[in-house]
Structures are given as structure tokens and as C-alpha cells.
Amino acid sequence: MSLVKLFACTALALAAGGAVASGLGSATVLSLLTQATVYAIFALGVGLLLRQNAMVSFGHAAFFGAAGYVVGILLQLQAVPAEAAILIAVGGVTLFAFLLGLVVVRVPGIAFGMLTLAVGQMFFLTASRSRGLTGGADGMNVDWPSTLFGIELSALLRPGPLFVLCWSVLVLTLLALALLLRTRFGAITEAIRDNEERARFIGIETLLPRAAVFALSACVASIGGVLSTLNTGFVSPETLHWSVSGVALMMVVVGGTRALWGPALGAIVYFLVKDLLGDHANHWMAIFGAGLIVVIVFAPEGLSGALQRLAAAWRRAGAAGHPLPLTERLP
Amino acid sequence: MFIHLFNGLVYGALLIVMCAGLALIYGLRRVVNFAHGALYMLGAYLGYTIASQTSFWVALVAVPAVMAVLGALLDRFGLRLLQDRDPLAVVLVTFGLLLIVEDFVQTAWGKGNLSVPVPALLNTSVDLFATAVPAYRIAVIAVGAAVAIGLSLWLRHSKLGLFVRASSTDPTTTAMQGVNTDALSAGVVGLGTALAGLAGVVAAPFLALSPSMSSDVLIDSFVVVVIGGLGSLAGAFAAAVVLGLIQALGAVYLPDAAALLPFALMVAVLLWKPAGLAGSRT
Amino acid sequence: MTDYVLQARDVAIHYGGVKAVDGVDMTLERGQIRGLIGPNGAGKSTVIDAITGRRPLTRGQVLLRGEDVSALGATERRRRGLSRSFQRTSIFAQMPVRKQVELAAYKMNVADPRADADDVLRELALDGLSEATAADLGYGQQRRLDLALALVGAPTVLLLDEPMAGLSVKESLDLARHLKLLAQRRDVSVLLVEHDMDVVFGISDRITVFELGRVIAQGEPAAVRADPRVREAYLGSAA
């Protein structure tokens, strides 16, 4: 996608967010969309690791939740202004993830998944048991001040503006990632992912780039974590549990990783379909689990992959000027 | 002190039965079976129903049998069809299966805690080291030991055991030697899930049945299997006992450290020797 | 003493009870093409692996322009100019051709990586395919891409592991002739492992013959061809 197209899509997406917020009257729907967007950012982080490093993490919820806890603790201690707390949370988690990454990215295959699961669980257990610091198993409130970056929080936290905020963060994060991956750093990580051995034999040192991608994925997850505390005003150990990471992975797989925005789509589908199911939502996890299996077996490129193929077929039909041959009509 | 050690052994025995199944399935199919905990839970709940209709002893035989069939079907129509796919994709499939089974159990049996009474025959206590110990728990330890010893002997000395070991190391060559590796896989996965079911039935009388039981045991099983090293069942058995003891003693003396220690060990093992889990098979 | 651009001194590689390479001494002079021949399993590819850092040395040293690089990893050796291609094509399947060759060029200390990459692509007749994804190329084109990744960045020494593998007779001879020209034009010294005898004897300045992990003959092509031990072990009396 050309640079011009990229910026155009970004502008369009931002505008769409604004339109949705002002067009939709229902606070419940906006609230649902906000929650979906927050998890979309989290899933984006998890998906980034899978897409650029071909690594599956069962512990990324630790970064999501830890960022929330850092903000919560800092605000409780009133040690720094809220704006600084956000930067410290995201920056701190990212730095920690980079250092951790230097060690853990060397571990191959499913062992890496198990390792991240163990590390994530250690975070979960620590948060659950540190009553004094984190409120223990009950979680803790996150006391945001009355203004943030000069904006009145009471105005910002209304359904419409909050959705616009979260959606804009999602879109801008996607833009930032897309721009980053066009640089040589992006090319290096792609090379390492395609063929790590050959990457080394053309002079690419593979540890730092992979640790950097790990840190970047944690950074994105932590941004989601901070937004989550803004959305709910609360953080609890449940957000650190490995099953949350597992659900995020499901969103990533269902959405697909071929497109950078695939995982975000997966998250949004997750929340929208869950809401649509209404009464049947009790069985939502089983339905989503079944959906996951179906996607893995029959459509491994996920929803975004299917959409991209449809779009490509459409474009070809348009260029040729006549109807698609039968084989191309099938996605 | 003794009672804590004893309880540790009991949980360790349970983990032995669980992890044997997990390790067998991994060895043959290179799949970390996330659904294993849910199958354990299914076994426990099935056992509850069967035991309340007939008796505990019928459940003890029937549940593993049913689970074995389920396992064979899982292998035939799931794992076998996915065997050429990226192992991480298969792991996620088992994760999806976990969610489905968990939901099924919750729907069929409800979310409340259920309990299974200890079978009359074992509902006494025995004096051991000047402590009154429930006979049932001694029986659980016996089951764990029996599984450990039986499985080890079977793998080492029987012809089928040899095939299983060969197929775990190099399925292609084993198949070329004329061993029906597909039937073998179905059998071994069936055995693995039967063991999970057995663990569930055996655990029911002394652990409450609840919707969260699958998750707790699953993680502990992963820890055991990683620390023990997937290459050796003996390692897993030893690690199971150690973990059981740590959990039991830790819960009393050092709760916070004891909870974190298994994971710290798991991290250490994975950093030091990931190859055991990443698979030596090319 | 001649300044060797590459030297292997008493190189040995043992693993799991197998002595794949057992005490090999080999040299490469600047501008030379040395062919490595020998039966399958003789240890030729293993020697390449050891020299480039793909396999650890059990014993011995590898010297690049007189400097001991035995303790360095593959990445570092490549950056110093010790480059290799692969017997089993090893490229970046999802990346466009030019992008990956340029990436390889950037990692080396050349004045103009882009120009160098374009140059190499042209030399290997890949310039028409620059925007194609590597996975879409034909086998022969992919082999040339593998070669391009090794050739870019002005390496000092190029180790080629069966570059003709899977190519037709005509393709092999074309590539062989091309290699010789390229080596001269770009001032690269070449170590070539190859089974095709016509190719090897056609372009090599020197030949080393391997058998069972050891060198059994070294020297100029004509001398090696006439050597009775070589005939017996490898060439057969028809040679």
C-alpha cells in the first residue's frame, strides 16, 4: 500500500470513528464498541508478535494488566501526575519486555509459549497475593484525576468521546506500526521470520530485532491496558490470567495476521457477535472456540485474509471488465 | 507435618496419572494438549453421574473406557488430520476444544460445586505414623504408583511399548517398518485421555467438582511435564511427586513462595533446555 | 609464505561418535577458484559448514585474510567477508527479490548498497524479476537468488555448496562460466563444492579431493586427475 493510500485510509478511519460516535445514540452500544476497541489494541500487540516473529505468547495479558496496575499504583500513591503515570506505565512495561525478550526469544517453538504462560502466571499470582500493593484478588480502583492532558475527564469519559479516544488510539497505533514496518527494521524482522538461518548468513544479527519486536508487541498491549483502566476505572488480577492471553490469541487467529489490522478485526468480531447472541452468550466461549477451530482448519488466514482475497478478486474482475470465472468467485 | 507430606503425595499421585496422558500424547503427536484439563473435568463429572446411578466402582471402569473412545476419535478426526500443520495451530485447536468441553460440562451439570462420596469400602481411616489417614487417599497413592510402574514397564518391555517409543522418536521410519502408526496414535491418545478421565474419577471424592477444576490441574500438569522433561516419563513422575509435595507443604508454611516456585522452576528449565519441549524430531 | 585469503588448519568436526571431518588443511589464494570434490558423505559440506560457522569446530582454526575467525559466529564472519550459498536453496520466500538482495547489501560495508544489489541482480539475470516474490520464482531462478544473496556486499571469500544442484546440463555450464567471470570481475576468491566433474575441472584453478573426512589429494586439476588414489576412490578408471 503506498504511503499516500496509507495516510488516506488512516484519515478515513479516524473520520469514521467520529461519525460512529455522533451517529450512534445508544450509550450501551458505544460502550461495547469501546471495550471491543481496547481489546483490539491488546490483540494487535499479541498479533504483532505472531506476525513479525512467528511466536505465540500465552502470557501477554501480563503486559496488558501490568500497565493498568502501574498506572493504578502510581495514581494511588499520587507520586506523579496522571500524564506521567501513563508514560511510565507504557515505557516501563516496554523496557521490561525488551530485557525479558533478550532472554526468552531464544527459546524455540511451543517451549516459548509455555515459557510465556509460566511468566504470565507468575505475574497473576503476584498480583493476586499482594493485597497491600495491588488490592489482591479483589483488584484495585484506578483513581483518575479530574483533568488529563488538559481535558476534563468527566467530558472525556462519556460514551461518545471515550470511544473516539480509544478508536483513534487504535488507528494511530496501526499507522505507527505500518510506518515502522516499512523501514529497514521491518525488512529485517521479515527476513528473520522467513528464514532465520539465512538472515544470519547475510549478516543480520537476529537477537536484538526479535527482542525489539517482543518489546513492541508488549508496548502495544500495555497501551491497551492503560486505556482499559480509563474505560473501567478498575484493574484486577483476572486481566493477567493466561486464559485472557489465550482469548487474545483466538482473536488474532480468527482475525488473521496477514493484514496488520487482522487481530483488531478479530477482537471486534468477538465482542459484536457475543453481543448479538444475547441469551446464547452463556455459551459464547464454546461458540468462539468452535469458530476458532473452523478458522484454523478451513481458513487459516483468518477473516482479514479472506477479505483481502475477496478484494483482490474484485479488483481483478474490475480490471478485466467481465464477470469472474467460477473459481474466483469462491473466497 | 506428616499429614502435609502425605497429602502432597496424594496430589502428586493424581498429577502422575494426568501427566502420563499428557506426555504420551505429546510424545506421539507433538501436541501440547490444552484440552487435557477439560477432559479430566469431564471424567470427574461423568464419574459423578455414573456413580450416583450405579456405584463408584462402575464409574472407575466406565469413565476411562468412554474417555478412551473419545480420545481415539479426537486423534482420528482431529490430530491426525492436522498433523502436517504448524504445531502451534494444533495447540490452539486444543485450546478451542478446552472451551467447548468446559462449556458442555457447565451446561450439563451446572456451575455449582458437586461432591462424590468416598466409596464405602474405602471410607475408613488407617493409622500411619501415629496419624489417622483416610484409606481412600492411600488408595489414590496406590493408583498413581500403579500407573507409573505399569506404564514404565509396558513401554520398556512390551512390543506395543516399543512401537510407541519408536513412533515418538521417528514416526516416518516407524511407519516404514510396517507399524500402523495411525492406529497406534489413536490408541495412545485414547490411552492418554482415558488416564485423564481416570484422574478425574479418582480425584472426585477428595477434591470438589467445580467448573474451575480443569484450569488449575492443567497448569500444574504443564509445569510437571516441562520440569520433568518430556523425553522421560520417569522425569515427569518424579516432578509430579515433587510438585505435589511443594504445593502441600508450601500451602502451609510458605504460601506465596510455594505458588511461584513451580513456575520459576518451569521458566528455568525452559531457558536451560527448551529442546526437550521444542521437539527433537525434524 | 603466500598470503592466503582463506585457510583451514587441522580442522576437525566430530559429533555423536562420527568423525565427519578429521584433520583437514586447506588454503585459498586470492583470485583463486578451488574445487572440492569427493564421494557423498566425504565431509565436503561439513567443511563448508565449519568454515562459515554453521557448525562448531571440534579442533583446528579458520583464518580469514590471516585473522583467526574460529571463535566468531556466522553473522560476524559474513560481515567480515566470508560468504556462502546453500545446497538446499535458502532464500526469503515472502520477500521481493530486490528487497532481500538490497537488505543483504546494506549489512555489508559497501559504499552504495543499492547499486551493488542492482549490479549483482543484473549479473545473475534477475533484474527483470526484482519485484517478484521469491516464492514465485522457478527453481533455477531461486538458486541464482541464493547465489545473489551471497555475492552481494563485496565478500572476500565465497563458499558455494553445490550451486548447480538440480540444474540442467546447459544451465550448469552457463552458471559455471558466469561464476568464473564474476569471480574475476568482483575480486572474489571461491571455494566450490560440486559433483559435476566437467564443471569443477572446467573452472577450478586448484582441486581438493575428500574421502571419509580427510583430504586425499590436492593440487592442479591435471595432477589431481592423474593421481591414482583419486582415480581409485572417486573418479574411476574412465576419468
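Q: Why are helices H2(B) and H4(B) called roughly parallel?
A: In this predicted model, helix H2 (residues 36–53) and helix H4 (residues 87–109) of chain B pack at an angle of about 20 degrees, with their axes 9 Å apart. Angles under 35 degrees count as roughly parallel. Therefore H2(B) is roughly parallel to H4(B).

Q: What is the handedness of the crossing, left-handed or right-handed?
A: H2(B) passes H4(B) in a left-handed crossing.

Q: Which residues make the contact between H2(B) and H4(B)?
A: H2(B) supplies B:Gly37, B:Ala38, B:Leu39, B:Met41, B:Leu42 and B:Tyr45. H4(B) supplies B:Leu98, B:Val101, B:Glu102, B:Val105 and B:Trp109.

Q: How do those residues of H2(B) and H4(B) divide by class?
A: The contact has 9 nonpolar, 1 polar and 1 charged residues. Gly counts as polar and Glu as charged.

Q: How many residues of chain A and chain B are in contact?
A: 29 residues of chain A are in contact with 32 of chain B. H5(A) gives the most to the chain A side, with 12 residues. That side divides into 21 nonpolar, 7 polar and 1 charged.

Q: Which helix gives the most to the side of chain C that touches chain A?
A: Here 19 residues of chain C are in contact with 14 residues of chain A. Helix H2 (74–79) and helix H3 (97–106) of chain C each supply at least two residues of the chain C side. H3(C) gives the most, with 5 residues. By class, the chain C side has 10 nonpolar, 4 polar and 5 charged residues.

How values were computed: Residues numbered from 1 in each chain as written. Chains lettered and ligands numbered in written order. Predicted model: local features only at pLDDT ≥ 70, side-chain atom pairs only at ≥ 80, totals over all residues. Contact = placed C-beta atoms within 7 Å. Helix = DSSP H or I, 4+ residues; strand = E, 2+ residues; numbered from the N terminus. Axes fitted to C-alpha atoms, helices over the stretch in contact; angles between N-to-C directions. Parallel < 35°, antiparallel > 145°, perpendicular 65-115°, else oblique. Left-handed = near helix turned anticlockwise from the far one by under 90°.
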